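Please read it with the sequence and the model side by side.

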Amino acid sequence: MGASTGMMRLRRPRWKDPRLIVGVVLVLGSVLMGALLVSRLAETTPVLVARSVIVPGQALAPEDLTVVELRLGEQDGMYVGSLEAIPEGAVATQPIRAGELLPAAAVGQSTDVDLRPVVIPVDSSVAQSVQAGSTVELWHTGEVDEGTGQAELLVENAVVRTIDEGSTLGMRSMAVEVLVPRDDLAGVLEVLSREERLDVIGVPGAYGVGT
């Protein structure tokens, strides 16, 4: 009985036991990886932030941008980190709201922006959601019969550039400058030349427009 008990007794592991060495290496490796991950997440990276609204085609000027330190982690390469990283003559290729990080994908040249500015006079105040940088629709209302009209969507994705609330174009009190895709420009200019109604409508859920 004593001999049997001695055979079943486990031996203490020795430092030269390969299994013990592998276990220690795995534990140390996991500790080091965890420490590196925590250190990486704690690192801050300089990134450019817009001071005010920047619209497509607008030059990326130093006075419109500021540098802040943020923890970006794996998204480090998605944003521009310094003014020196912006190429000469670069413009924004998409709307950037005030306080928003400058995406690397939003930096390009004027030839990359297929939009053209058009000033649209409006009869009354536009909705509060229609602001500089917001995406809007342009609706044309043409006269069908005397006293009646029919509305149609003329431009689906225009971008507001500026709003002039003090415009005095005839009896109209406002003017909205919008950036229109070049393919839609002819239709917009034709409506304006006939002095027919053209409404600027905010798009819920789009940039700069509340739902």
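Is L179 buried or exposed?

1. The model is a predicted one. With that in mind, L179 is buried, since its relative accessible area is 4%, and buried here means under 20%. The residue belongs to strand 8. Leaving out residues up to four places away in sequence, L179 touches V55, P56, L115, R116, P117, A158, V159 and R161. One of these, P56, is 123 residues away from L179 in sequence, yet the two C-alpha atoms are 8.1 Å apart in space.

2. For the chain as a whole, there are three helices and nine strands, and from the N terminus on they follow the order α-α-β-β-β-β-β-β-β-β-α-β. Of its 211 residues, 31% count as buried. The protein chain exposes about 14000 Å², of which carbon and sulfur atoms supply 55%. Among contacts with a separation of 6 or more, 60% are between residues 24 or more positions apart.

3. The strand that holds L179, strand 8, is part of an open sheet of five strands, in which the order is 5-8-7-6-9 and the pairing is antiparallel. Strand 5 (115–122) and strand 9 (197–202) are the edge strands, each of them pairing on one side only. From one strand to the next, the twist averages 45 degrees. As a general point, the strands of a sheet pair through backbone hydrogen bonds, either parallel or antiparallel.

4. Which residues have the most contacts inside the largest nonpolar core? They are I120, V136, L138, V178, V180, V188 and V200, in a core of 18 residues. Strand 5, strand 6, strand 7, strand 8, helix 3 and strand 9 are the elements that give two or more residues to this core, and strand 8 gives the most, with four residues. Apart from this core lies another, of twelve residues, which include L48, L65, A92 and I96.

5. If neighbours within four places in sequence are left aside, V200 is in contact with I120, V122, V130, V136, E137, L138 and V176.

6. Two loop residues may also be checked by eye. S134 is found in the loop between strand 5 and strand 6, and it counts as buried because its relative accessibility is 0%. The side chain of S134 reaches the backbone oxygen of Q131 at 2.6 Å. E195, in the loop between helix 3 and strand 9, is by contrast exposed, with a relative accessible area of 67%. The phi angle of E195 is near 55 degrees, which is a positive value in a residue other than glycine.

How values were computed: Residues are numbered from 1 along each chain as its sequence is written. This is a predicted model: local features need pLDDT of at least 70, side-chain atom pairs count only at pLDDT 80 or more; totals for chains, interfaces and linings use all residues. Side-chain values use heavy atoms; hydrogens and water are left out. Two strands pair if DSSP finds at least two bridges between them. Axes are lines fitted to C-alpha atoms, for helices over the stretch in contact, and angles run from 0 to 180 degrees between N-to-C directions. A nonpolar core is a set of buried Ala, Val, Leu, Ile, Met, Phe, Trp, Tyr and Cys residues joined through side-chain atoms within 4.5 Å. Buried means under 20% relative accessible area, exposed over 50%, partly exposed in between (1.4 Å probe, protein chains only). Contact means heavy atoms within 4.5 Å. Accessible areas come from the Shrake-Rupley method with a 1.4 Å probe; for residues, only the protein chains shown count as cover. A polar contact is a pair of N or O atoms within 3.5 Å; within protein, one must be able to donate a hydrogen and the other to accept it, and residues adjacent in sequence count only if both atoms are side-chain atoms.
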